[in-house]
Amino acid sequence: MRDNRDMTHVVIIGGGPGGYEAALVARRLGAEVTLVERDGLGGSTVLTDCVPSKTLIATSDLLHEVSRSAELGVEVPKAPRADLASVNDRVLRLASAQSDDIAERVVSAGVTVLSGIARVADPRTVIASTPDGEVRLAADGILIATGAHPRVSADAQPDGERILTWEQVYALRELPEHMIVVGSGVTGAEFASAYNGLGAEVTLVSSRDRVLPGEDPDAASLIEDVFRRRGMKVLGKSRMASTRREGDQVVVTLTDGRTVTGSHCLLALGSIPNTADLGLDEVGIDTDDGGFIAVDKVSRTNIPGVYAAGDCTGVFMLASVAAQQGRIAMAHLLGDAVHPLDLRKVSSNIFTSPEIATVGVGQREIDEQGLLVDTAILPIAANPRAKMQGIHDGFVKLYARQGIGALIGGVVVSPRASELIHTISVAVSASLTVDHVADAFSVYPSMSGTVGEVARRLHRQV
C-alpha cells in the first residue's frame with residue numbers, strides 16, 4: 001500500500017453509497033477526504049429511493065401475511081388496513097435517521113463534509129458551491145458519485161399530487177383509490193406490488209409482452225400470474241402516449257387510443273444520470289449517449305485521477321454495486337489491493353411479493369453465449385417449512401457448468417428471497433460445485449433446505 005503520510009487529498013462529489021463508502025475506505029487508507037453532498041448523506045438511496053421504498057414494501061408484506069392468516073388457523077376479527085399517512089411518516093423518519101447515522105459515521109471517520117453542489121474544474125480541482133460561498137478544492141484524486149433521478153416524459157409531467165415519480169409518493173396522506181403504474185421494470189413492479197398489498201386498486205401499464213422483461217423469464221411469468229390472481233390489472237404491450245390530470249382523476253392515454261382512468265399515476269420510466277453541470281465535457285470525461293459516465297472495472301474514467309461510481313455510471317444500478325465501485329476506486333487510487341468489479345458475481349433482489357433474487361449467469365446469458373449448463377428447478381411449495389407457513393408461490397433454480405458442476409448462477413422466487421440468495425451467492429463467488437452445496441448441512445425444516453435439494457438434483461447430471 002502507498003505511504004500516504006503526505007496526505008493525499010481525495011474529493012468526492014455525492015454522498016450516496018458510492019460516495020460515503022469510498023470516503024470511509026479513503027480515510028482508512030490514510031487520505032484526507034472532502035465530500036460534497038447536495039441533499040444529505042446516503043443520497044437518493046437512503047432519502048428518496050431504496051430505503052423508503054423497501055420500508056413501504058415491508059408494511060405491504062405484513063398486510064399480505066395477515067391476509068392469509070386463516071390458512072394457518074388464525075382468525076383476524078377485522079380486516080386490517082394501512083394508515084398511509086402513518087406509514088409514510090414512518091418511512092421518512094427511518095430515511096432521515098439512516099442518513100443521520102451515515103453522517104455521524106462519516107464525520108467520526110474524519111471526513112470533511114460540505115453541503116452544496118460541485119463541479120470538476122480540471123482533473124485536479126473541484127469547485128463547490130456552498131451556502132457560505134464558493135470553495136475551490138485541490139485534489140489528488142476525484143470521485144464522481146452523483147447518482148440519478150427519475151425520468152419523466154414531456155407528455156406526462158408530475159405534479160406531486162396525482163401524477164407522481166417514485167420520489168414523490170411519500171407525500172401521500174391517503175391510500176390511492178386506483179393507482180396506475182406506468183412502467184413494468186423493477187421500480188414499476190415493486191410499487192405496483194406494494195400498493196396492491198396495501199389495498200389499492202392497481203393497474204400496471206407495461207409496454208412489453210410481460211412484466212420485468214429483463215429478468216428471468218420463469219420468475220417474471222410467475223410474478224405476473226401472482227399479480228393477476230391478487231386482483232391487479234396488467235396491461236401488456238401497452239405503451240403510454242400521455243398522462244393528464246382531470247380534477248381528482250388522472251387519465252393515461254395509450255398509443256393505441258385506449259385510456260385508463262385512476263385516482264393517481266406513478267411514473268416508473270427509468271432513470272437519468274445526475275451528470276449535467278458537472279463540467280464533464282469541459283474536462284473531457286467520456287459519457288455515453290444517455291449521459292452516463294464511462295468507467296472501467298476499477299471505476300476509472302478516461303481522465304487519469306478521475307473516478308466515478310454508482311448510478312451515474314449506469315453499470316448496474318444497485319446500491320451494493322455503487323458502494324463496491326466506490327471502494328474499488330479508492331483502493332486503486334491509493335495503492336491498496338484491488339479486486340476489479342465482477343458483475344457475474346453480483347446478487348440482486350426485486351422486492352415484489354414474492355421477491356425475486358438472482359446471482360451470476362442467467363438464462364439470457366446462457367442462451368446468448370451458448371453456454372453448456374445443467375439446470376434444476378424446484379417449487380418452493382414442495383418445501384416443508386413453506387407448507388407450514390402457507391407459502392405457495394416461488395421456486396429455486398440453479399445453473400451449473402456441464403461436466404464440472406461449478407455453480408454459475410441461480411434464481412430464488414420466494415418471500416425473503418433476498419436472504420435465501422446469499423448461500424448461492426457465496427457458492428458462485430467462490431466457484432463452488434453443486435456437490436459442495438449439496439453436502440453442506442441445512443436446518444430441517446428451513447426454506448434454505450430447498451437450495452441444497454436443488455443442488456442434489458444437479459449432482460445426478462454431473
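Glu21 sits in helix H1 (residues 17-28); helices here are DSSP runs of H or I with at least four residues, strands are runs of E with at least two, and both are numbered from the N terminus. This is a predicted model, in which local features need pLDDT of at least 70 and side-chain atom pairs count only at pLDDT 80 or more, while totals for chains, interfaces and linings use all residues. Residues are numbered from 1 along each chain as its sequence is written, and side-chain values use heavy atoms, leaving out hydrogens and water.

With a relative accessible area of 12%, Glu21 is buried (buried means under 20% relative accessible area, exposed over 50% and partly exposed in between, with a 1.4 Å probe and protein chains only). Apart from residues up to four places away in sequence, Glu21 touches Gly16, Arg105, Ala323 and Arg327, where contact means heavy atoms within 4.5 Å. Helix H1 packs against helix H8 (residues 319-333) at an angle of about 35°, and the two axes are 7 Å apart. Axes are lines fitted to C-alpha atoms, for helices over the stretch in contact, and angles run from 0 to 180 degrees between N-to-C directions. On the H1 side, Pro17, Gly18, Glu21, Ala22, Val25 and Ala26 take part, meeting Ala319, Ala322, Ala323, Gly326, Arg327 and Met330 of H8. Sorted by class, this contact holds 8 nonpolar, 2 polar and 2 charged residues; Ala, Val, Leu, Ile, Met, Phe, Trp, Tyr, Cys and Pro count as nonpolar, Asp, Glu, Lys and Arg as charged, and the others, Gly among them, as polar.

Helix H5 (residues 186-198) is largely enclosed by the rest of the structure, because 10 of its 13 residues are buried. Among them are Glu190, Phe191, Tyr195 and Asn196. After H5 comes Gly199, with a positive phi near 110°.

We turn next to the strands. Ile163 lies in strand E9 (residues 163-165) and is buried, at a relative accessible area of 3%. Its contacts beyond four places in sequence include Thr243, Arg244, Arg245 and Val250. The C-alpha atoms of Ile163 and Leu266 are separated by 6.1 Å, although these residues are 103 apart along the chain.

Strand E13 (residues 240-246) runs antiparallel to E14, joined by 6 bridges; two strands pair if DSSP finds at least two bridges between them. Thr243 stands opposite Val252 in E14, and 2 residues separate E13 from E14 in their hairpin, where Gly247 in the turn has a positive phi of about 65°. Val252 also stands opposite Val260 in E15. Strand E15 (residues 259-262) pairs with E14 in the antiparallel sense over 4 bridges. This hairpin has 4 residues between its strands, and Gly257 in the turn has a positive phi of about 95°. Strand E14 (residues 249-254) is mostly covered, with 5 of its 6 residues buried.

Further along, 5 strands build an open antiparallel sheet in the order E19-E20-E23-E22-E21. Its edge strands, E19 (347-350) and E21 (373-379), each pair on one side only. On average, neighbouring strands of this sheet are turned by 10° against each other, direction ignored. E21 pairs with strand E22 (residues 395-401) over 7 antiparallel bridges, and Asp374 has Ala400 in E22 as its bridge partner. Helix H6 (residues 217-229) lies across E20, E21, E22 and E23, running at about 170° to E22.
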